[in-house]
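User: I'd like to learn how to read a structure like this one. Can you walk me through it, one feature at a time?

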Amino acid sequence: MDNNWLTQILMIGVGTTSLVAEKLKEVSDEWVRDGKLNPEQAKGFVDDLMAQLKQGNFEAQMQRQMKNVLQDLGVPRQGEMDELRGRLDRLERQIRDLENKLWK
């Protein structure tokens, strides 16, 4: 798999996290303006939610989603690639053996 492509996918995850943080801040600022929260409550709200995102296995969830996306795209897993390489090596060896028999 192209490393650049994987980097772009990972950056989407980072961008999503940044977007969530930005939107949380916007919402909390709006609630402060509307008088629904005081500034300290808003800061605590954002801090708590961000801590939950970080501690709530966000990374594990992201990895699971990445695996599902790659599987949906038909990208083979490493084990599948290793198995195919082994099969290819065996076939190449068999072809060489047959060619050697023909040349004798």
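Analyst: Happy to. Let's start with burial: a residue is called buried when its relative accessible area is under 20%, exposed when it is over 50%, and partly exposed in between. Keep in mind that this is a predicted model.

User: Got it. What percentage of the residues in the protein chain is buried?

Analyst: Of the 104 residues in the protein chain, 9% are buried. The chain exposes about 9,000 Å², and carbon and sulfur atoms supply 55% of that area.

User: And the secondary structure of the protein chain: how many helices and strands are there?

Analyst: You'll find four helices and zero strands. Going along the sequence, the pattern reads α-α-α-α.

User: Now charges. How many salt bridges does a search of the whole structure find?

Analyst: Here's the general idea: side chains of opposite charge can pair when their charged atoms come close. To call a salt bridge, look for a side-chain nitrogen of Lys or Arg within 4 Å of a carboxyl oxygen of Asp or Glu. Searching the whole structure turns up two.

Take Arg85 and Asp82 to begin with. Their side chains meet in a salt bridge, at 3.3 Å from N to O. Both residues belong to helix 4 (residues 78-103), and they are three residues apart, about one turn of the helix. Arg85 is partly exposed at 44% relative accessible area, and Asp82 is partly exposed at 43%.

User: What is the distance between the closest N and O atoms of Glu80 and Arg77?

Analyst: For that salt bridge it's 3.4 Å.

User: What about charges on the surface: which residues gather in a patch of positive charge?

Analyst: For a charge patch, look for like charges joined within 9 Å, on residues with over 30% relative accessible area and no salt bridge. Here the positive patch brings together Arg87, Arg90, Arg93 and Arg96. Arg96 is in helix 4, and its 46% relative accessibility makes Arg96 partly exposed.

Key. Residues are numbered from 1 along each chain as its sequence is written. This is a predicted model: local features need pLDDT of at least 70, side-chain atom pairs count only at pLDDT 80 or more; totals for chains, interfaces and linings use all residues. Side-chain values use heavy atoms; hydrogens and water are left out. Helices (H or I, at least four residues) and strands (E, at least two) are DSSP runs, numbered from the N terminus. Buried means under 20% relative accessible area, exposed over 50%, partly exposed in between (1.4 Å probe, protein chains only). Accessible areas come from the Shrake-Rupley method with a 1.4 Å probe; for residues, only the protein chains shown count as cover. Patches are made of residues with over 30% relative accessible area and no salt bridge: like charges are joined within 9 Å, nonpolar side chains (Val, Leu, Ile, Met, Phe, Trp, Tyr) within 5 Å. Lys and Arg count as positive and Asp and Glu as negative; His and the chain ends are not counted. The place of a charge is taken as NZ of Lys, CZ of Arg, CG of Asp or CD of Glu.
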